[in-house]
Number of protein chains: 2
Amino acid sequence: MGSGPLSEDDLIATIFAPLAGPGSLGLEDDVALLSLPDGHELVATTDGVVAGVHFFADDPPEAIARKSLRVNLSDLAAKGAEPLGFLLTLALQEGWTRPWLEAFAGGLGGDAAAYRCPLVGGDTVRTPGPLSVSITGLGHVPRGTMVKRTAARAGDVLAVTGTIGDAALGLGLRLGVAAAEAPAWAAALSAGEQAHILDRYLHPQPRLALASAMRARARCAMDVSDGLVGDLRKMLRASGVSAHVDLDRVPLSPAARRALAADASLAMTIFAGGDDYELLVTVAPGEVEPLGRAARAAGIGLSVIGEVVAGTAPPAFLSAGREVDFARGSYSHF
Amino acid sequence: MGSGPLSEDDLIATIFAPLAGPGSLGLEDDVALLSLPDGHELVATTDGVVAGVHFFADDPPEAIARKSLRVNLSDLAAKGAEPLGFLLTLALQEGWTRPWLEAFAGGLGGDAAAYRCPLVGGDTVRTPGPLSVSITGLGHVPRGTMVKRTAARAGDVLAVTGTIGDAALGLGLRLGVAAAEAPAWAAALSAGEQAHILDRYLHPQPRLALASAMRARARCAMDVSDGLVGDLRKMLRASGVSAHVDLDRVPLSPAARRALAADASLAMTIFAGGDDYELLVTVAPGEVEPLGRAARAAGIGLSVIGEVVAGTAPPAFLSAGREVDFARGSYSHF
């Protein structure tokens with residue numbers, strides 16, 4: 001690569017090989033070789049992120065790396081899958097530097113260790129365009145136990161993990177600050193609350209600690225990446241059912257509550273914004289308590305927000321007993 | 001996506017879902033769910049290509065799609081792996097059109113069928129940069145049978161499939177024509193020969209038909225993507241051995257022979273250029289004939305080009321009994 005100080009082979013040997021796990025063959029081959037436990041199936045997912053579209057080019061390289069991996073881990077978590085490893089395609093922009101790349105690899109390696117999902121293969125290319133990262137996450141589940149998006153049934157309880165809306169508020173704050181025009185509602189938040197929502201945008205928290213409980217207890221699930229409103233619609237459509245959602249029960253952080261109190265129009269950002277990476281799940285009524293216990297044990301909140309009902313009407317969102325219309329429906333990266 | 005006529009969901013449903021194979025869950029979930037045959041291991045590889053770096057932005061969309069997939073299939077073939085499916089990350093540039101995308105999907109679908117490697121998952125994003133395609137190819141082998149890059153032994157016979165150098169010549173011709181300066185040697189080639197080398201650049205031929213014979217007969221292998229000279233060095237280094245190569249035995253197409261006769265300096269392009277996507281393989285002497293028979297039965301040439309020897313010296317390349325020095329060594333996309 002003309003603009004970089006390292007050949008691709010050197011870069012792999014010095015920067016990425018130290019992160020490589022079993023199955024990577026030391027990144028010396030063109031492939032990874034992986035075993036699944038007997039009786040398990042492979043779960044595979046891929047997500048790409050592009051500077052200026054999915055993250056800011058001047059985000060800390062560690063954070064870019066972590067987010068690139070975590071959006072894939074979040075998909076595995078929603079399916080109840082245990083991570084096996086990941087493959088990385090890194091398209092480096094002109095002018096990349098070794099310290100930048102070392103920090104990127106540091107973030108990736110930290111998460112690979114924390115989530116037990118080692119780097120097993122990859123490809124590094126140059127691009128005249130913006131930095132792009134595409135990761136394929138591989139996981140496994142005992143045969144027949146994967147939690148699908150198409151399995152919701154009328155009568156199921158609808159629940160979400162964690163809190164909703166923080167990341168979309170963090171993005172709003174970030175964009176405002178970048179334009180030297182912090183949104184008015186930001187003044188209502190403490191410095192700590194502002195830091196909280198900015199961090200939630202930068203560092204999604206894949207709920208992998210819930211994977212085994214999801215397999216055991218959940219009927220249907222997906223991760224919330226494009227906003228609760230839109231992603232719920234997708235799940236219901238895929239399952240051929242509808243739902244009633246009580247927006248007043250959707251879990252909000254103190255920061256999000258304060259922002260919403262300062263500006264009621266933020267309801268759209270909070271409920272229909274994106275980048276939550278929480279789990280949206282349907283559960284048979286008798287399984288809610290056991291799943292909630294498992295979540296608490298993992299330090300993760302689980303909140304009931306409504307119920308699945310028969311029919312193919314769009315879901316009804318209620319607040320203080322009145323229906324709320326989310327005309328725009330969903331925010332999409334695309 | 002602002003510039004496109006379709007939402008991501010519409011695009012997946014109308015353009016990509018028709019290509020999706022078993023395990024894709026109809027592209028309705030965020031993941032693919034795949035089974036390996038009992039006693040098999042997973043082989044996974046990923047390769048990214050970027051317009052203006054790995055292909056020309058005005059290449060036919062079918063050809064871009066096919067090459068993106070085939071460079072991954074070539075890695076699976078070299079390892080003796082049978083394809084299971086692939087995941088696609090497509091970063092679409094501003095101004096893409098539906099006919100372009102339909103043609104791209106058509107090329108992908110044609111190859112997915114021809115090579116029995118269905119689309120099982122993916123992600124579509126927009127980019128302000130050039131079109132980029134990252135594909136993860138998944139395959140499987142009976143446990144313990146994958147052909148590694150690190151296994152060459154002194155005494156092995158060194159062989160390659162097909163012919164070497166055509167694609168690099170095709171790229172040279174293509175670049176010359178683009179600059180309105182066709183290289184002088186091109187005048188020595190017939191129109192058919194020019195078409196042959198251009199096609200070899202555009203359409204690599206993954207040698208998947210040899211996968212089972214590779215598992216049964218080959219000791220060590222990789223595909224030749226960055227040039228025979230450089231890739232051989234990588235394989236020998238990974239295996240801790242050296243080799244003697246007789247350049248006069250390296251198989252050349254009639255077009256490449258004619259080009260080389262017209263311009264002897266093309267030896268560098270032919271032997272050290274890239275994009276061959278042929279298999280470079282080491283075989284115990286007794287296995288050469290059975291592997292050659294299998295190759296012939298599959299309509300693929302297999303040519304002995306030298307032997308693996310002990311030591312860690314760089315390989316020696318001989319022509320007409322004299323050693324040839326490839327100072328530059330390898331051409332790299334990176």
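1. His54(A) has a relative accessibility of 7% and therefore counts as buried, where buried means under 20% relative accessible area, exposed over 50% and partly exposed in between, with a 1.4 Å probe and protein chains only. Its place in chain A is the loop that runs between β2 (40–50) and α2 (61–78).

2. This is a predicted model, in which local features need pLDDT of at least 70, side-chain atom pairs count only at pLDDT 80 or more, and totals for chains, interfaces and linings use all residues. Residues are numbered from 1 along each chain as its sequence is written, chains are lettered from A and ligands numbered from 1 in the order in which they are written, and side-chain values use heavy atoms, with hydrogens and water left out.

3. Under "binding site", an unreviewed UniProt entry lists His54(A) together with Asp275(A) and Tyr331(A); such annotations may be inferred rather than shown by experiment. Asp275(A) sits in the loop between α9 (267–272) and β9 (278–283) of chain A, and with a relative accessible area of 3% this residue is buried.

4. In chain B, the axes of helix α1 (residues 8–16) and helix α3 (residues 98–114) come within 10 Å and cross at roughly 50°. The two helices, α1(B) and α3(B), are therefore oblique to each other (angles under 35 degrees count as roughly parallel, over 145 as roughly antiparallel, 65 to 115 as roughly perpendicular and the rest as oblique). The contact (heavy atoms within 4.5 Å) involves Leu11(B), Thr14(B), Ile15(B) and Phe16(B) of α1(B), and Arg98(B), Leu101(B), Glu102(B), Ala105(B) and Leu108(B) of α3(B).

Terms used:
Axes fitted to C-alpha atoms, helices over the stretch in contact; angles between N-to-C directions. Helix = DSSP H or I, 4+ residues; strand = E, 2+ residues; numbered from the N terminus.
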